[in-house]
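Keep the viewer open as you read.

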Amino acid sequence: MKKLFWAIEDFNWNVKCHYNFWLHGPYGLSKVLEKMPFRFLIKYLKKYGAKIGENCRLERGLNIHRPVGEKPFENLIIGNNVYLGHNTLMDLSRKITIKDRVIIASRCQIWTHASYYGGNTIENHNYSENYGEVIIGEGALVYSNVVLTHGVIVGKFSRIGANSLVNRSIPNEQFWGGVPAKIINKQ
């Protein structure tokens, strides 16, 4: 009986995804996925371009920023045995690669672009953006509320303490934390 209800619910999410993508584009699709239960999330991320390995668990509330094109999630690559906590934000302006056995706790943000606003008058106004892929190495552990900025590489088996801002790459097997993050100790 439960499988019948899951099949009906799956059909319902499929219709919502297709309709919102058709009507509102990639952001409409992203908003549907944000409300989707974990049971269906991986299926629909893959359907719209993401590459996701085996035995992954992605919690509800995944917020995809800047999805684009017919395959709006193609810049998301997730390895095997990965856990993403609830309300994680991912900016897909550039590629995000999460290697095998990574744990990312709830409310983390992964940004692949940063905006710069300069000047204080209309004539002197300056706006630009910087981009960079983010790579999270095998076995890394990212605690809650961490912000990873564009161009960051988190080394294999490294840990990042809760509420940290990571604005530079972290070597393998180190524990970093703070704002901005700095080394706390080597493992």
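The paragraphs below go from the helices to the aromatic pairs, then to rings under charges and to backbone geometry.

This is a predicted model. Met1 lies in the segment before helix 1. Its relative accessibility is 72%, so Met1 counts as exposed. Met1, Leu4, Phe5 and Ile8 make a nonpolar surface patch of about 470 Å².

Now turn to helix 3, residues 38-47. Phe40, Leu41, Ile42, Tyr44 and Leu45 are buried there. What do the buried residues of helix 3 pack against? Their partners are helix 1 (2-24), helix 2 (26-35), strand 1 (51-52), strand 2 (57-58) and strand 4 (76-78). Just after helix 3, Gly49 takes a positive phi of about 115°.

Aromatic pairs come next. The count is two. In one, the ring centres of Tyr19 and Trp22 are 6.3 Å apart and the planes meet at 40°, so the pair is tilted. An α-helix has 3.6 residues a turn, so residues three or four places apart point the same way. Tyr19 is partly exposed, at 43% relative accessible area. Trp22 is exposed, at 65%.

The other pair joins Phe21 and Tyr48. Their ring centres are 5.4 Å apart and their planes stand at 75°, so this pair is edge-to-face. Phe21 lies in helix 1 and Tyr48 in the loop between helix 3 and strand 1, so the pair ties together parts 27 residues apart in sequence.

Arg94 lies over the face of Tyr131, 3.9 Å from the ring centre. The charged end of Arg159 sits over the ring of Phe175, at 4.2 Å from its centre.

Finish with the backbone. Most residues other than glycine have a negative phi, and most peptide bonds are trans. Phe157 is not a glycine, yet has a positive phi of about 55°. Phe157 is found in the loop between strand 15 (153-154) and strand 16 (159-160), and is partly exposed at 36% relative accessible area. Asn163, also not a glycine, has a positive phi of about 65°. Asn163 is in the loop between strand 16 and strand 17 (165-166). Which peptide bond is cis, with omega near -10°? The bond from Val179 to Pro180 is. Pro180 lies in the loop between strand 18 (174-177) and strand 19 (182-186).

Key: Residues numbered from 1 in each chain as written. Predicted model: local features only at pLDDT ≥ 70, side-chain atom pairs only at ≥ 80, totals over all residues. Heavy atoms only, no water. Helix = DSSP H or I, 4+ residues; strand = E, 2+ residues; numbered from the N terminus. Buried < 20%, exposed > 50% of the residue type's maximum accessible area, 1.4 Å probe, protein only. Contact = heavy atoms within 4.5 Å. Patch = residues over 30% accessible without salt bridge, like charges linked within 9 Å, V, L, I, M, F, W, Y side chains within 5 Å. Areas by Shrake-Rupley, 256 points an atom, 1.4 Å probe, with all protein chains shown as cover. Salt bridge = Lys/Arg side-chain N within 4 Å of Asp/Glu carboxyl O. Phe/Tyr/Trp six-rings, centres within 6.5 Å; stacked < 30°, edge-to-face > 60°. Lys NZ or Arg CZ within 6 Å of the ring centre and 35° of its normal.
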